[in-house]
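Subject: Structure handover

Hello,

Here is the structure you asked about. Please open it beside this message and follow the residues as they come up.

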Amino acid sequence: MLALGWTLLLCASVSITALQFMSVLQHEGEMAESIKRNWHLLELFGFYIFLSMAPPTLFDIFGF
């Protein structure tokens, strides 16, 4: 499950970053303005922290 979480977070990060990069290259003013209001990259960073530094679950403690 941890590997799946890391894989999906990586895919989401790459896709959101590519979307923002392409919108800047296309000079879309509306999309460029949304970079300032876009919280998705900040949320992904928080998820990376929670995923990598999470406390052990009961499954980890009891070795399931």
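**Helix α1**

In α1, the buried residues are Leu-9, Ser-13, Ile-16, Gln-20 and Ser-23. Buried means under 20% relative accessible area, exposed means over 50%, and partly exposed is in between (1.4 Å probe, protein chains only). An α-helix has 3.6 residues a turn, so residues three or four places apart point the same way.

Before going on, note that this is a predicted model: local features need pLDDT of at least 70, side-chain atom pairs count only at pLDDT 80 or more, and totals for chains, interfaces and linings use all residues. Residues are numbered from 1 along each chain as its sequence is written, and side-chain values use heavy atoms, with hydrogens and water left out.

Helices (H or I, at least four residues) and strands (E, at least two) are DSSP runs, numbered from the N terminus. The expected span of a helix is 1.5 Å times one less than its number of residues. For the 24 residues of α1 that gives 34 Å, and the end C-alpha atoms are 34 Å apart, so the two agree. Just after α1, His-27 has a positive phi of about 55 degrees.

**The whole protein**

The protein has four helices and zero strands, in the order α-α-α-α along the sequence. Of its 64 residues, 11% count as buried. The accessible surface comes to about 5,500 Å², and 75% of that belongs to carbon and sulfur atoms. Accessible areas come from the Shrake-Rupley method with a 1.4 Å probe; for residues, only the protein chains shown count as cover.

Contact here means heavy atoms within 4.5 Å. Ser-13 sits in helix α1 and is counted as buried because its relative accessible area is 13%. Apart from neighbours within four places in sequence, Ser-13 is in contact with Leu-44 and Tyr-48.

Trp-6 is also in α1, which covers residues 2–25. With a relative accessible area of 33%, Trp-6 is partly exposed. Which residues does Trp-6 contact, leaving aside its neighbours within four places in sequence? They are Tyr-48, Leu-51 and Ser-52. Tyr-48 is 42 residues from Trp-6 in sequence, yet their C-alpha atoms are 7.8 Å apart. Ser-52 is 46 residues from Trp-6 along the chain, with 8.9 Å between the C-alpha atoms. Ser-52 lies in helix α3 and is partly exposed, at 46% relative accessibility.

**A nonpolar patch**

Trp-39, Leu-42, Phe-45, Phe-47, Ile-49, Phe-50 and Met-53 form a nonpolar patch on the surface, with about 850 Å² of accessible area together. Like charges are joined within 9 Å, and nonpolar side chains (Val, Leu, Ile, Met, Phe, Trp, Tyr) within 5 Å. Trp-39 is in the loop between α2 (29–37) and α3 (40–52). Its relative accessible area is 56%, so Trp-39 counts as exposed.

**Confidence**

pLDDT is the predictor's confidence in each residue, from 0 to 100. The protein averages 77, and 83% of the residues score at least 70. Among the elements, α1 has the highest mean pLDDT (83) and α2 the lowest (62). Where pLDDT is low, the predicted coordinates should not be read in detail.

Regards

Technical notes: Patch = residues over 30% accessible without salt bridge, like charges linked within 9 Å, V, L, I, M, F, W, Y side chains within 5 Å. Salt bridge = Lys/Arg side-chain N within 4 Å of Asp/Glu carboxyl O.
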